[in-house]
Amino acid sequence: MASTHGGERRRRIAAVTALTAAGLLLWPGTTHAADVTTTPTEARQGDAVRLEFSVAEERAGTKTTQVEIRLPADAPIAEVYPMSVDGWAPRISSRDLDKPVAGIHSSGVSTVTTAVTWVRVGDSGPGPARLALSMGPLPQVERLTFEVVQTYADGTVVRWADATGAHRAPTLTLLPAAPGAAGPAAPR
């Protein structure tokens, strides 16, 4: 009787072990669970915001060497400033506007940032890259969508540009300006 009870116990342990292993193998891997996210997820039109992009390392065995954050072309933001991030150096791309937009520090800004490309310059440590931009005043639109292009050391390029699916572009929801807010100055 003792050997039958012991055999039943071993079968149950084996079954639990097999189920646990199958669950771990079938669980979505980091390639499916990773996203590029922003903090905060919402802000007010006309305000300035410090927006942090969290970009996960989704490929095992290789590191991200570059992250390009493209700002929306149809909703220019007058002032965009990359914040200091250990292990990363920013490069700014810009364009001239036909019609100036109101800025925080100027009533009319005619050259705006189109993209900030962060290049890894050292060991930024484990975990996702946390890259911050201060920007404003935020335009009078409902949502800003940022295309993110992530480049790995092995040459793989991942574009976070989809509205849905595995590589969704990060968005910032813009709420109406606060009642009584002065808003940006009109361009001269």
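Q: How many helices and strands does the protein chain have?
A: In this predicted model, the protein chain has 2 helices and 12 strands. From the N terminus on, the elements run α-α-β-β-β-β-β-β-β-β-β-β-β-β.

Q: Why is Thr151 called buried?
A: Its relative accessible area is 17%. Buried means under 20%, so Thr151 counts as buried. Thr151 is found in strand β10, residues 147–152.

Q: Which residues does Thr151 touch, not counting residues up to four places away in sequence?
A: Thr151 touches Lys63, Thr64, Thr65, Gln66, Thr156 and Val157. Each of these counts as a contact because heavy atoms lie within 4.5 Å.

Q: What makes β2 and β12 a pair of strands?
A: Two strands pair if at least two bridges are found between them. Strand β2 (residues 42–44) and β12 have 3 bridges, so they pair. The sense is parallel, and Glu42 stands opposite Thr173 in β12.

Q: How do you know that strand β9 also pairs with β12?
A: Strand β9 (residues 143–145) is joined to β12 by 3 bridges. At least two are needed, so β9 and β12 pair. These two strands run antiparallel. Leu144 has Leu172 of β12 as its bridge partner.

Q: What makes the side chains along β12 alternate?
A: In β12 (residues 171–175), Leu172 and Leu174 point to one face, while Thr171, Thr173 and Leu175 point to the other.

Q: Which strands form the open sheet, and in what order?
A: The sheet has 4 strands in the order β1-β3-β8-β5, with antiparallel pairing.

Q: Why are β1 and β5 called the edge strands?
A: β1 (36–39) and β5 (79–82) each pair on one side only. From one strand to the next, the twist averages 25°.

Q: How do you know that β1 and β3 pair?
A: There are 4 bridges between β1 and strand β3 (residues 49–55). The requirement is at least two, so the two strands pair, in the antiparallel sense. Thr38 stands opposite Phe53 in β3.

Q: What are the values for the protein chain as a whole?
A: Buried residues make up 34% of the 188 residues. Among contacts between residues at least 6 apart in sequence, 73% join residues at least 24 apart. The accessible surface comes to about 11,100 Å², of which 56% belongs to carbon and sulfur atoms.

Notes. Residues numbered from 1 in each chain as written. Predicted model: local features only at pLDDT ≥ 70, side-chain atom pairs only at ≥ 80, totals over all residues. Heavy atoms only, no water. Buried < 20%, exposed > 50% of the residue type's maximum accessible area, 1.4 Å probe, protein only. Axes fitted to C-alpha atoms, helices over the stretch in contact; angles between N-to-C directions. Areas by Shrake-Rupley, 256 points an atom, 1.4 Å probe, with all protein chains shown as cover.
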